Amino acid sequence: MTHDSDIKLDVEASEEINDAWLRQERSLVRKLDLTLMPIIWVLYLFNYLDRNNIAQAKLNSFEDDLGLVGNQFNIAVSILNVGYVLMQIPSNMILTRVRPSLYIPLWVCVWSCLSAGTAGVHNFQGIVAVRFFLGIAEAPFFPGAFYLLSCWYTKKELALRTAVLYSGLVLATAVSGLLAAGIFAGLDQVRGLAGWRWLFILEGAGSFAAGLVAIFFLPDFPASTTGSTTWLLTPEERQIAIQRIERDQVSNQESNHSIWYGLRAAASDYRVWVIAFILCSNHTAYGFNNFFPTITKGFNLGNRTVTLLLTSPPYLLGAVISFCVAYSSDRNKERGWHIAVPMGVAAVGFIISVATLHNSARYFASFLYISGCFSANALVYSWGSTSVSQTSEKRACAMAIINVVGQFGNIWSPYFFSPSDSPRYLQAMLLMMSFSILSVIGCMVMKLILRKDNKRILKAFEGTGRTPVLYTL
């Protein structure tokens with residue numbers, strides 16, 4: 001929690017910003033955009049391909065082959081997030097003390113092996129065990145990758161880069177249907193293996209290869225001389241990377257860099273919990289993600305291949321809208337409304353899905369709730385990161401707490417989708433609509449909190465002749 005005594009007046013960097021400095025900064029950002037962003041994006045795409053294969057497998061012989069009955073499929077979906085939650089905070093605490101260029105690719109390779117190993121399970125107990133450990137292995141990636149981005153990019157740059165990163169999730173979900181359609185049509189029963197088993201094997205192998213490549217392209221932290229910065233950046237660019245992040249910090253920084261202090265500071269900051277509430281509401285609202293192929297099948301617009309192909313367009317549109325919303329958010333230096341409005345659009349989509357039996361109208365509604373949820377979700381992370389960054393340790397722990405709480409939405413939302421309610425899932429649609437509205441309310445509360453904090457910072461800087469860095473509303 002921020003107190004007046006925490007606000008310091010001497011946080012501005014003293015180095016003069018001149019044309020040469022700006023040219024080197026542009027060179028630095030360009031190099032990061034050509035190395036760090038692409039490899040993180042590819043890894044995140046594979047992260048969600050591996051995680052969401054189960055949704056596509058449901059349209060193959062997955063449930064019959066494993067003998068799943070009742071809500072056992074829902075449990076298999078949900079259990080991944082239990083492992084994910086357990087590993088989040090410990091992993092981000094470790095990340096501040098290790099080399100991200102090795103730590104992140106290590107976990108990518110581990111989850112790839114576990115995902116491919118899903119092809120070898122034969123019963124409910126096996127799929128639950130694999131999914132649980134898959135959650136543990138995948139947990140370090142997203143909060144770790146986002147924390148790494150926040151160490152290199154400034155607030156005005158972060159929302160768009162987060163949207164680029166998050167588009168990997170959206171496009172993975174879109175492409176997974178296309179890949180599944182091809183694999184089910186071409187490899188089903190090849191060498192005696194069902195199509196869903198080939199799906200896990202091939203995509204697991206792809207993400208393993210991406211993990212190995214990432215070792216050579218990921219940087220460590222700006223102040224370090226390891227990772228890709230050894231061949232990518234000049235000493236001057238590394239110094240500029242440090243200076244510009246120092247300049248970008250909100251003017252209430254603290255000097256205690258203990259990991260445990262960072263955890264206590266994050267846990268006692270009410271802003272962390274408000275952002276966590278928003279993210280949990282958002283994650284709950286897109287609980288449709290693991291059931292969208294089944295929802296699309298219920299539209300009766302074609303056979304299995306057509307159904308899988310039709311899962312892609314809403315996500316592709318969602319990726320485009322995510323970029324537009326993030327660009328607008330960066331350009332206008334605003335977060336709250338750029339999250340609340342898309343979530344309002346998502347709520348409209350859920351209402352349409354409940355209100356009509358017309359299949360084409362319900363398919364149209366899916367464009368609204370998918371675009372709304374995904375374009376809003378990327379901004380929650382960037383808003384949280386820039387709102388709770390008094391020390392790097394606090395930021396790492398805060399982002400882990402936010403992501404952990406957010407995952408509870410992924411744990412309970414699969415249980416909204418009762419098999420007896422398929423394929424309309426009225427209960428699920430109503431609940432997801434409700435959580436969309438809760439997200440909007442959370443955004444308004446967060447804006448009020450940060451506006452009050454900004455007034456306190458401005459008051460502390462009165463008469464100093466300096467312009468403080470304020471929170472982004």
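**Pockets and cavities**

Author: In the second largest pocket, α10 gives the largest share of the lining, three residues. Helices here are DSSP runs (H or I, at least four residues), numbered from the N terminus. This is a predicted model, where local features need pLDDT of at least 70, side-chain atom pairs count only at pLDDT 80 or more, and totals for chains, interfaces and linings use all residues. Residues are numbered from 1 along each chain as its sequence is written, and side-chain values use heavy atoms, with hydrogens and water left out.

Reader: How much space lies in that second largest pocket?

Author: About 430 Å³. A pocket is an open set of points on a 1 Å grid over the protein atoms alone, with protein on both sides within 12 Å along at least five of seven lines, while a cavity is a set where a 1.4 Å probe fits but cannot get out; lining residues have an atom within 4 Å of a point. Points are joined across faces, edges and corners, and the volume is the space filled by probe spheres set on them.

Reader: Which residues are closest to its centre?

Author: Thr154, Lys155, Lys156, Asp248 and Lys333, out of 16 lining residues. α1 (19-57), α7 (155-187) and α10 (235-248) each give two or more.

Reader: And how many cavities of 30 Å³ or more?

Author: Four. The largest cavity holds about 150 Å³, and among its 14 lining residues Asn52, Asn81, Tyr286, Asn290 and Asn410 lie nearest the centre. Both α1 and α3 (72-95) give two or more residues to that lining.
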